[in-house]
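Visitor: Could you walk me through this protein, one question at a time?

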Amino acid sequence: MPAEPVLEIADLVVQYDGTTALRGMTLSVRPGEVLALLGPSGSGKSTLLHTVAGFLLPTSGTVRLAGTTVAGDGRPVPPERRDLAVVFQNYALWPHLSALDTVAYPARRRGTGRVRARAEALAILDRLRIAHLADRRPAELSGGEQQRVGLARALARRPSVYLFDEPTAHLDTHVRGVFLEELVARQRDSGAAALYATHDAEEALGLADRIALLREGRLLQVGTPQQVYEEPVDLFAARLTGPASVIDDPDGAGTVLVRPGWARLGGPLQAELRGVWFRGPHSDYLLESSLGNVLIREPGPPRHAAGTPVGWALDRRWALAER
Ligand SMILES: Nc1ncnc2c1ncn2[C@@H]1O[C@H](COP(=O)(O)OP(=O)(O)OP(=O)(O)O)[C@@H](O)[C@H]1O
């Protein structure tokens with residue numbers, strides 16, 4: 001039987017002066033689960049995380065952590081007493097502490113001795129490739145380095161729930177990969193859950209156990225990465241989760257969605273190649289056909305030049321719901 005949710009958000013409405021940012025959101029996250037919040041700018045991701053963290057109070061609805069109501073019913077539990085680790089865009093570090101002492105602090109608070117806490121902190125800094133910066137204070141670190149110290153501190157906390165708000169926004173590709181691996185490894189070890197806000201579809205698809213798609217303060221769809229990618233509830237959901245072409249079905253089944261890997265070059269359908277882009281591991285081809293424009297992705301460097309006629313075939317399609 002699946003474990004009880006560690007975080008439960010029910011009918012959450014949050015308003016700022018004159019703006020309703022969340023319009024009744026219900027979600028739950030189980031121990032060990034990573035739930036990505038994927039939505040465009042202004043859809044309410046940060047508001048949701050700030051409300052769970054306790055920096056904002058709900059207008060109505062409740063937030064429960066490990067079975068205890070922390071907001072929305074009775075006196076709210078203050079942020080510092082919620083069993084959470086928060087990694088937000090403005091990762092406030094203590095100006096007077098070195099990177100090592102910052103990351104050792106959570107273990108010290110748990111009662112770990114100084115030498116052991118520092119050794120554990122150094123190991124985390126090392127995994128995030130910043131052990132050489134251990135003695136520096138925030139003022140002596142670049143923005144990306146400060147962000148990594150903030151991540152390291154969160155990883156050192158061992159809470160029940162992590163809240164991440166675009167934590168990799170300022171990280172280069174390599175460090176981003178290291179961080180994501182580290183996060184997943186920690187999750188598995190500790191059974192912590194994570195709410196992970198991003199507007200990077202690829203990151204969400206690769207990282208999350210489930211993805212919640214947000215639009216204008218509402219949940220549009222919740223499902224596994226494969227469900228939201230392959231069976232989006234509408235065109236907006238389809239575009240949030242990756243490249244999507246909308247064409248007339250060749251068999252007359254109406255308007256269908258085609259992902260770049262669902263069609264291939266070479267086949268009975270006729271088109272003209274409008275654009276070709278080399279993307280490293282694969283190339284993208286934009287075809288103009290009588291059914292509509294379709295984007296095809298194939299491994300390797302470009303095989304054709306733009307402006308030439310090509311044949312193509314459709315392997316798979318998804319009928320879009322009428323709304
Ligand atoms: N302090 C505030 N006062 C008034 N309105 C706000 C405030 N903060 C956010 N909003 C509004 O609430 C809505 C949700 O904003 P929120 O920051 O939660 O979105 P988001 O999905 O995190 O966006 P982004 O990806 O740009 O960070 C938006 O309409 C925004 O304009």
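Visitor: Where is Pro 260 found?
Guide: Two things to know before we start: this is a predicted model, where local features need pLDDT of at least 70, side-chain atom pairs count only at pLDDT 80 or more, and totals for chains, interfaces and linings use all residues. Residues are numbered from 1 along each chain as its sequence is written. Helices (H or I, at least four residues) and strands (E, at least two) are DSSP runs, numbered from the N terminus. With those labels, Pro 260 sits in the loop between strand 12 (255–258) and strand 13 (263–278).

Visitor: Is Pro 260 buried, exposed or partly exposed?
Guide: We count C-beta atoms, placed from the backbone: 20 or more others within 10 Å of a residue's own makes it buried, 12 or fewer exposed, and anything in between partly exposed. Pro 260 has 18 C-beta neighbours inside 10 Å, so Pro 260 counts as partly exposed.

Visitor: Which residues is Pro 260 in contact with, leaving aside its neighbours within four places in sequence?
Guide: Being in contact takes two C-beta atoms, placed from the backbone, within 7 Å of each other. Leaving aside neighbours within four places in sequence, the partners of Pro 260 are Pro 243, Asp 284, Leu 295, Ile 296 and Arg 297.

Visitor: How many helices and strands does the protein chain have, and what percentage of its residues count as buried?
Guide: The protein chain has 8 helices and 17 strands. Its C-alpha atoms fill a box of roughly 70 × 45 × 45 Å along the principal axes. Of its 323 residues, the share that counts as buried is 35%.

Visitor: Which helix gives the most to the shell around the ligand?
Guide: A residue is near a molecule or strand if its C-beta atom, placed from the backbone, lies within 6 Å of it. The residues surrounding the ligand are Tyr 16, Thr 19, Ala 21, Gly 39, Ser 41, Gly 42, Ser 43, Gly 44, Lys 45, Ser 46, Thr 47 and His 199. Strand 2 (19–29) and helix 1 (45–53) each supply at least two residues of that shell. The one giving the most, with 3 residues, is helix 1.

Visitor: How do the residues of that shell divide into nonpolar, polar and charged?
Guide: Here Ala, Val, Leu, Ile, Met, Phe, Trp, Tyr, Cys and Pro count as nonpolar, Asp, Glu, Lys and Arg as charged, and the others, Gly among them, as polar. Sort the shell around the ligand that way and you get 2 nonpolar, 9 polar and 1 charged.

Visitor: Is helix 2 oblique or roughly parallel to helix 3?
Guide: Axes are lines fitted to C-alpha atoms, for helices over the stretch in contact, and angles run from 0 to 180 degrees between N-to-C directions. Angles under 35 degrees count as roughly parallel, over 145 as roughly antiparallel, 65 to 115 as roughly perpendicular and the rest as oblique. The axes of helix 2 (residues 99–109) and helix 3 (residues 114–127) come within 8 Å and cross at roughly 120°. That makes helix 2, relative to helix 3, oblique.

Visitor: How do the residues in the contact of helix 2 with helix 3 sort by class?
Guide: Helix 2 brings residues including Leu 100 and Val 103, and helix 3 brings residues including Leu 122 and Ile 124. By class, that contact has 10 nonpolar, no polar and 4 charged residues.

Visitor: Is helix 2 oblique or roughly parallel to helix 4?
Guide: The axes of helix 2 and helix 4 come within 7 Å and cross at roughly 20°. That makes helix 2, relative to helix 4, roughly parallel.

Visitor: At what angle do helix 3 and helix 4 pack, and are they oblique or roughly parallel?
Guide: Helix 3 and helix 4 (residues 143–157) have axes 10 Å apart and pack at about 130°. The two helices are therefore oblique.

Visitor: What is phi of Glu 216 near?
Guide: Most residues other than glycine have a negative phi. Glu 216, in the loop between strand 9 (210–215) and strand 10 (218–223), has a positive value. Phi of Glu 216 is near 45°.

Visitor: What about phi of Asp 11?
Guide: Asp 11 has its place in strand 1 (residues 7–16). With 14 C-beta neighbours inside 10 Å, Asp 11 counts as partly exposed. Its phi is positive too, near 50°.
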